[in-house]
Amino acid sequence: PPDRVFEVLETIGGQQGWYAFDWMWRLRGAIDRLLGGVGMRRGQRSPGPLAPGSIVDFWRVEVFERGRRIRLAAEMRLPGRAWLEFRVEPRPGGSRIRQIAIFDPHGVAGLLYWYLLYPFHRLIFDRMLAGSARAAERPVTSGRPVHETLETELRT
């Protein structure tokens, strides 16, 4: 059900991890620290449910609509601005999870960053979305899938 899927998405990051390639997320955090950024903060800074302004690793919650949408704004050092958004839409027999990565490049460095890392981003985000869906399915005992559609979108 959509509520179960959203529960899983709310726990992303921190000790729970990102449902795929956690070592890559930690590496990205270490690189960010070396570049003078915030690095990988583990989990939320303040306990409790997510809300706009909450911190999750090197992301800040920009939009939080319980049961529907979470948009994270990157606080890491980047040649541009980045967001990661999750949307959960009810469907007959389950949910549709949309994961949207958006990058607004600054200059040539930003474009190079995006296109050089695109294959890695695609792999990471596809696996992360599938891992999130698997996590939501675990407690389901009826045999019905929680999701009908998984969709990853990468935008510049």
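Good morning. A search of the whole structure finds one cavity of 30 Å³ or more. Please bear in mind that this is a predicted model.

I begin with the cavity. Rolling a probe the size of a water molecule over the atoms shows where empty space is left. In this model, the largest cavity has a volume of about 30 Å³. Which residues line the largest cavity? They are Leu9, Ile12, Leu50, Val56, Ile70, Leu72 and Phe86. Sorted by class, this lining has seven nonpolar residues, with no polar and no charged ones.

Leu9 leads us to helix H1, residues 2-10, where Leu9 is buried together with Val5, Phe6, Val8 and Glu10. An α-helix has 3.6 residues a turn, so residues three or four places apart point the same way.

The axes of H3 and helix H2, residues 22-34, come within 11 Å and cross at roughly 140°. Angles over 145 degrees would count as roughly antiparallel; H2 and H3 are therefore oblique to each other. On the H2 side, the contact is made by Met24, Trp25 and Arg28, and on the H3 side by Tyr113, Ile124, Phe125 and Met128. By class, the contact of H2 with H3 has six nonpolar residues, no polar residues and one charged residue.

Thank you for your attention.

Conventions
Residues numbered from 1 in each chain as written. Predicted model: local features only at pLDDT ≥ 70, side-chain atom pairs only at ≥ 80, totals over all residues. Heavy atoms only, no water. Buried < 20%, exposed > 50% of the residue type's maximum accessible area, 1.4 Å probe, protein only. Helix = DSSP H or I, 4+ residues; strand = E, 2+ residues; numbered from the N terminus. Axes fitted to C-alpha atoms, helices over the stretch in contact; angles between N-to-C directions. Parallel < 35°, antiparallel > 145°, perpendicular 65-115°, else oblique. Contact = heavy atoms within 4.5 Å. Nonpolar A, V, L, I, M, F, W, Y, C, P; charged D, E, K, R; others polar. 1 Å grid on protein atoms, 1.4 Å probe; cavity = no way out; pocket = protein on both sides within 12 Å on 5 of 7 lines; lining within 4 Å. Points joined across faces, edges and corners; volume = space filled by probe spheres on them.
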